[in-house]
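Colleague: Please take a close look at one part for me: the charged side chains. Which ones pair up, and how are they placed?

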Amino acid sequence: MINGNSVILQMGKETVYGTTVTPDKQIKISSESFKPEYNKIDEGLATGGRGEGLVATMGKKASGGFSTLMRPDMGYLLRAVLGVVNSEAGADEGYKHTFTAIGNGANDHLPSYTILVDRKVECSKYSAKCDSLSLSASAGDYLKVDPSFVCFDEVDGASKNASAVVSALKAFKFAQAKAYTGSYDSETGTFTGNAFADVTSINLNISNNLDADTQTTDTGINYKEPEVGVRSITADLEMLYAAGSESIRKSLFKTDATFGLKIEFVSDEMIDEEVPYKLTIIIPCCQMPDAGANMSGLDTLTQSVSVRAVDNLSDELIIVELYNGDESY
């Protein structure tokens with residue numbers, strides 16, 4: 001029998017989608033779901049016998065994802081889901097990496113990554129593009145990250161990269177988080193606003209809505225390289241119900257107002273003596289499609305709000321800033 005604790009997952013950036021590489025990152029995971037998807041079709045004709053006829057594979061690809069904790073040096077996951085990164089030297093030995101959503105031009109393509117899963121009986125590789133990524137944290141827990149991928153195919157992985165090692169940095173925690181509403185100035189790159197009070201959980205989801213089902217005479221049994229559709233970015237926050245949260249509900253949910261959202265995690269680990277590891281997520285323009293504070297039991301009354309990014313055609317759709325000691329992604 002194979003114990004789940006023995007499974008190894010590794011990841012590495014590719015040059016060409018569909019051509020796997022040797023991964024250089026190993027990631028601790030709590031689960032994974034990678035598997036091949038074969039479109040098997042029967043003829044749909046009478047067999048003249050007692051049962052159905054044979055089927056044939058008309059298309060093949062793969063898909064899956066994994067669950068892990070978000071650490072300060074995992075910027076490659078942000079690059080995978082958003083596509084664009086600008087890295088610059090910061091204070092002392094630190095670097096600031098700014099991730100933004102890739103465009104929709106003819107030459108705009110999300111990067112692809114080789115994901116290797118060693119399940120001991122078999123080692124498999126997947127050439128993958130990130131379809132979605134969620135970040136979630138609640139009171140008393142870590143910041144969890146769940147990316148999902150669409151893949152060219154499943155191929156034999158031969159063996160894991162013995163030189164790839166897991167991150168030694170601590171994962172971000174809910175206790176290190178703050179969430180703000182306000183406004184973002186794209187010229188100065190500054191966010192001005194007020195903190196949500198008494199937030200108890202934060203969830204952010206980025207979906208690329210990849211088109212992974214296009215098959216042509218050029219692809220053969222495979223599918224075209226997946227490209228980004230209409231990107232969807234949403235956030236859900238739960239907080240204690242109070243006068244401040246009710247004011248937010250009235251001013252943002254009960255109107256069609258647009259506003260900026262900022263979510264920030266500041267680690268208690270330091271890049272050097274004075275600069276902490278930090279993850280900052282900014283949605284410059286969003287709206288609040290839902291908010292409510294309903295009694296469902298005798299526990300403390302909470303209010304839930306949903307936030308949706310909207311494209312004002314001038315600001316970035318989303319800006320994610322990661323501060324760490326890595327030079328580039």
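Modeller: K120 and D118 form a salt bridge (a side-chain nitrogen of Lys or Arg within 4 Å of a carboxyl oxygen of Asp or Glu). Their closest N and O atoms are 4.0 Å apart. This is a predicted model; local features need pLDDT of at least 70, side-chain atom pairs count only at pLDDT 80 or more, and totals for chains, interfaces and linings use all residues. Residues are numbered from 1 along each chain as its sequence is written, and side-chain values use heavy atoms, without hydrogens and water.

D118 is buried, at 9% relative accessible area. K120 is partly exposed, at 39%. (Buried is under 20%, exposed over 50%, partly exposed in between, with a 1.4 Å probe and protein chains only.)

The salt-bridge count comes to 10. One of them joins E321 to K96, with the closest N and O atoms 3.7 Å apart. This pair links distant parts of the chain: E321 sits in strand β18 (residues 319-324) and K96 in strand β7, 225 residues apart. Strands are DSSP runs (E, at least two residues), numbered from the N terminus. E321 is buried, with 10% relative accessible area. K96 is partly exposed, at 23%.

K173 and D268 also meet in a salt bridge, at 3.6 Å from N to O. K173 lies in the loop between β10 (144-156) and β11 (177-185), and D268 in strand β15 (residues 259-270), so the pair ties together parts 95 residues apart in sequence. Both ends are partly exposed: K173 at 28%, D268 at 46%.

Terms used: Helices (H or I, at least four residues) and strands (E, at least two) are DSSP runs, numbered from the N terminus.
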